[in-house]
Amino acid sequence: MFHFFFVPLSIGLAFVVAVMETIYVVKKDVMYKHMAQFWGRIFLLSFAVGVVTGIIQEFQFGMNWSEYSRFMGDIFGAPLAIEALVAFFMESTFIGLWMFGWDRFNAGIHCAFIWLTSIGTMISAMWILAANSFMQNPVGFMINAKTGRAQMTSFGAVIKNPQLWYELPHVLFGAFVTGSFVVAGMAAFALLKKKNVQFFRKSIKVSLIIGLLATVGVVGMGDVQTRYIIKEQPMKFAATEGLYKDSGSPAAWAIVSGMDTKNHKTDWSIEVPYVLDILSYHKLQGNVKGQNAINKELHAKYDKKFGKDMNYYVPTKTLFWSFRTMAFSGGLFALIAIVGLIFNRASSTLIERQRWFLWVLGICTFLPFVANTAGWFITELGRYPWVVYGLLTIADAVSPNVSVASLLTSNIIYFCLFSGLGVVMIVLSRRALHHGPDDLLNAPDDAPYDPYGKEAFSHE
């Protein structure tokens with residue numbers, strides 16, 4: 001979860017910065033160049049922290065999940081290797097050229113560097129999600145009868161996995177929402193101090209336009225992905241809707257529900273008629289299967305292999321509220337983006353006078369991380385009890401020689417390390433925002449630029 005704070009942030013910030021620099025190249029307005037440089041500092045911080053937290057996860061595969069690594073290594077290793085050798089090196093190469101090439105290349109070539117960096121982050125996400133999609137929907141493999149391991153039979157099938165191409169656009173649009181609202185929110189906090197007003201107003205305009213378009217994309221792809229999940233992982237979908245019994249037709253959508261997870265029933269709920277049918281099937285009729293019926297089907301399908309004592313019920317309350325958190329966030333992002341763009345019209349100073357809205361927009365700096373985490377909970381916890389759906393359970397995936405004490409110790413160490421990295425990220429980002437873009441705005445146009453110069457994160 002902590003690693004996923006920084007993945008969408010770095011993908012989104014790279015895209016926002018690329019758009020800003022593109023506007024500079026097209027319009028020749030040096031303000032947009034300074035915007036790309038200033039917000040690029042926050043992007044570089046997020047990229048660095050994301051890399052460090054990602055490396056630690058690689059160690060966890062071998063230490064805590066050795067049985068998973070043994071079972072999945074032949075398949076999981078391929079996309080991860082390509083991600084590291086192609087996408088990550090692409091990001092690293094062009095991010096270096098972009099960081100230190102401002103006064104060494106012409107504007108168009110330099111702009112290409114940040115776009116290649118941004119594309120590299122998206123390609124990196126694609127390969128990681130290719131591995132994750134196999135865990136959700138295994139394709140293109142066989143089980144070796146001698147070793148019991150999964151072996152890839154078709155690399156093309158793994159890449160063409162429908163789960164990947166429903167999941168990837170949703171994640172990328174979510175990343176663009178994250179990057180845009182982090183920029184807009186931080187700019188709103190800066191506007192409260194009424195310093196560099198035009199700089200931060202333009203930052204808000206660019207980021208909210210991206211944020212609004214990305215919100216439409218994330219909602220649209222979320223709808224497409226949901227209808228896919230209804231067919232492929234019906235237990236996950238039923239849990240997001242808090243359904244234990246079949247909904248019947250027409251199906252009502254529960255705004256809130258009181259669920260008894262021990263006895264697998266819903267005690268009460270406040271519902272809106274027909275809405276679940278609209279969300280599920282885009283029509284006003286249709287039955288949605290409940291968890292109790294799905295549980296019986298899964299037992300009939302898997303009891304011979306995994307035994308009758310398996311529990312196929314997922315964490316229903318977590319998924320139910322995560323889905324509503326995600327849906328509420330999407331609506332709020334769209335509303336705030338529209339209001340912000342109206343307030344921030346070039347002919348008006350309304351946004352500078354509406355301090356309440358600047359506070360709301362500033363608080364929205366943190367909301368994308370809540371929404372992304374809720375979405376990741378649904379993706380990962382929704383396939384319980386599987387690590388690889390239908391093939392390998394969580395219980396069978398853990399390392400057999402790892403004790404509770406060693407797990408507790410290592411997780412405490414990771415937590416402290418990650419918390420330290422998070423604090424450093426927040427402190428340096430706040431320091432950069434507090435210092436503002438004065439060093440960029442007041443420097444000569446031909447002055448050399450160092451994104452890590454002492455003036456970039458000055459605390460004075």
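Mentor: Keep in mind that this is a predicted model.

Trainee: Okay. What makes the bond that joins Ser 249 and Pro 250 cis?

Mentor: Its omega is about 0°, and that bond is cis. Pro 250 sits in the loop between α8 (234–240) and β3 (253–260).

Trainee: And what is omega for the peptide bond from Tyr 384 to Pro 385?

Mentor: Omega is near 10° there, and this bond is cis too. You'll find Pro 385 in the loop between α14 (367–381) and β5 (386–388).

Trainee: Why point these out at all?

Mentor: Because most peptide bonds are trans.

Trainee: Why is Lys 194 called exposed?

Mentor: Exposed means over 50% relative accessible area. Lys 194 has 58% relative accessibility, so it counts as exposed.

Trainee: Where is Asn 196?

Mentor: Asn 196 is also in the loop between α6 and α7. Its phi is positive as well, about 50°, although Asn 196 is not a glycine.

Trainee: Why is Asn 196 called partly exposed?

Mentor: Under 20% would be buried and over 50% exposed, with partly exposed in between. Asn 196 has a relative accessible area of 21%, so it is partly exposed.

Notes:
Residues are numbered from 1 along each chain as its sequence is written. This is a predicted model: local features need pLDDT of at least 70, side-chain atom pairs count only at pLDDT 80 or more; totals for chains, interfaces and linings use all residues. Side-chain values use heavy atoms; hydrogens and water are left out. Helices (H or I, at least four residues) and strands (E, at least two) are DSSP runs, numbered from the N terminus. Buried means under 20% relative accessible area, exposed over 50%, partly exposed in between (1.4 Å probe, protein chains only).
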